[in-house]
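This report is an introduction for a reader new to the structure shown below. It takes up the strands of a sheet and then turns to a helix.

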Amino acid sequence: MSDHPADAALIGLAVMGQNLALNIADHGFRVAVFNRTGSVTDAFVDEHPEGSFGGKGGGLVACKTLEGLVASMARPRRVVMMIKAGGPTDAVIDSLTPLMESGDLIVDGGNAHWDDTRRREKALKERGILFVGSGVSGGEEGARFGPSLMPGGDRAAWEVLKPVWEAIAAKVNSDTGQPLEGAKPGEPIEGGESCAAYIGSDGAGHFVKMVHNGIEYADMQIICEAYHLLRAAGGMEPAQCAGVFSKYNEGDLDSFLIEITADILRQKDPETGAPFVEIVLDAAGQKGTGMWTSIAALQKGAPAATIGEAVFARAISALKEERVRASGLLPGPGEHAASGAMERVFGNSERLVEAVGNALYCAKLCAYAQGFQIMSLASEEYEWDLDFGSIAMIWRGGCIIRARFLQRIKDAYARDKSLANLLLDPYFAGQIKEKQGDWRKVVSLASEGGVPVPAFASALSYYDSYRHGVLPANLLQAQRDYFGAHTYERMDKPRGEKFHLDWPDPARPQSRA
């Protein structure tokens, strides 16, 4: 390796870190790499010697210490961290800061909590060091061949990072919005729109990545509920369900998650030969970002029940032993209730497949509407000025929720940048009008058949609540005023004007609060 200074550095050589470093090197950048365990650094660089990166000048530089890493770099230094969120991130920043100079850049590419990112960015700014908290979505494959990147921080920091981040991000066709494919090691994709864009100041990037993950939770849960209905009500085997999801993937539901669902349902268990999905324990885990999204929604007053239900669905799945005991004690509608209801409601499994696909689309739209509403409220509170069309654009490739659907969202915000809710866009309103009959039948079928569909059902309730001009919150407000003198507003008075009724003697005149 020559003495040419490194263009960037990467700290943390677990799988995501290694793949991101290789991706950066593929695009002609020299990358200084460091891992706390030095043998990991040496083995990684030895496996990818000079000449492994297509002759574009990129390569890896092994560093034994943080001091050596900082010294190996050209200025302004660009140091990317791919390490565990929380304390470990703070520890590395504390070690790096004394070694760096004004104008240098630290990038946190981990799943950090957005509030931690705001704190870190403020502290580093006081020392003249630039900081970016960037969402990195796409898993191991995305990191290697093109992730979706959501950087937040000062614009000056983004300008330093921009050449690297735009180069390594996933690319989509400028006309269709479909991901460009075919990248191989040393052969980066050329052309197309880069799935990396400046999100906003301080914690905006990590907040948007968090909401991405919350939508991902909902999207996955909706797909799982669709599978459950096809199995319980349609009597389909996993391989048949795989065919259904492959068919879904040819239309408006085309997405990475639908595609891999079909692959999973075709897979046989190598040990038993049984369908792989049937030997996987039905107890799901979580890393916290879905929960963070739900907490943020509650804190900001954003109605996001479908995202919350997706988190709760994982929580109840984890109660495996309790559920097994309860299955023998708690009565339901009967073993064949779901298939019987399907025959009455739809007549045959072909109609069920069509209806479930329509319900999946509608519920998915509501989950996205909830996620974008959370981001809208945060953008207003923190003055981030989020560009929702741009966010939809960078989610079209590289990330886990990449889908044809996102081009429609980008188009919706192009039509109306200040769109209050995706449900109000003419295209999406038309889709709901066309498909909601099947959506309602599917939720009804699930209820009658005893099949749990918390995401489908909560999405429908969200839609019905949003389209109602009057909700029973009037009674709720009266209850609060009765027992706690919390006051209420009147239909015939301006918003914001508060009143209180003297409940011991309701006939007395109302008083303004």
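Two strands are said to pair if DSSP finds at least two bridges between them. The model is predicted, and this criterion is applied to it throughout. Strand β5, residues 105-108, meets it with strand β6, residues 130-137: four bridges join the two, which run parallel. Within β6, the residue that stands opposite D108 is G133.

**The sheet**

These two strands belong to an open sheet of seven strands, whose order is β3-β2-β1-β4-β5-β6-β7 and whose pairing is mixed. The edges are held by β3 (59-62) and β7 (148-153); each has a single partner strand, so one side of each is left without a neighbour in the sheet. On average, and with direction ignored, neighbouring strands of this sheet are turned by 25 degrees against each other. Helix α2, made of residues 38-47, packs on the sheet, where it touches β2 (30-34) and β3. The direction of α2 makes about 150 degrees with that of β3. As a general point, strands of a sheet pair through backbone hydrogen bonds, either parallel or antiparallel.

Strand β1 comprises residues 8-11. From this strand A8 and L10 point one way, while A9 and I11 point the other way, and all are buried. Together with helix α1 (residues 15-26) and β2, strand β1 makes a right-handed β-α-β unit. The strand pairs described in this report are set out below.

| Strands | Bridges | Direction | A residue and its partner |
|---|---|---|---|
| β1 and β2 | four | parallel | I11 and F34 |
| β1 and β4 (residues 78-81) | three | parallel | I11 and M81 |

**Helix α15**

Helix α15 spans residues 349-382, 34 residues in total. From its first C-alpha to its last it reaches 49 Å, close to the 50 Å expected at 1.5 Å a residue. Of the 34 residues of α15, 26 are buried, so the helix is largely enclosed by the rest of the structure. A residue counts as buried when its relative accessible area is under 20%.

N348 caps the N-terminal end of α15, with a side-chain oxygen 3.1 Å from the backbone nitrogen of E350. Just after α15, E383 takes a positive phi of about 55 degrees.

Technical notes
Residues numbered from 1 in each chain as written. Predicted model: local features only at pLDDT ≥ 70, side-chain atom pairs only at ≥ 80, totals over all residues. Heavy atoms only, no water. Axes fitted to C-alpha atoms, helices over the stretch in contact; angles between N-to-C directions. Contact = heavy atoms within 4.5 Å. Expected span 1.5 Å × (residues − 1). Buried < 20%, exposed > 50% of the residue type's maximum accessible area, 1.4 Å probe, protein only. Polar contact = N/O pair within 3.5 Å; in protein donor to acceptor, adjacent residues only side chain to side chain. Right-handed = clockwise from strand over helix to strand, strands pointing away.
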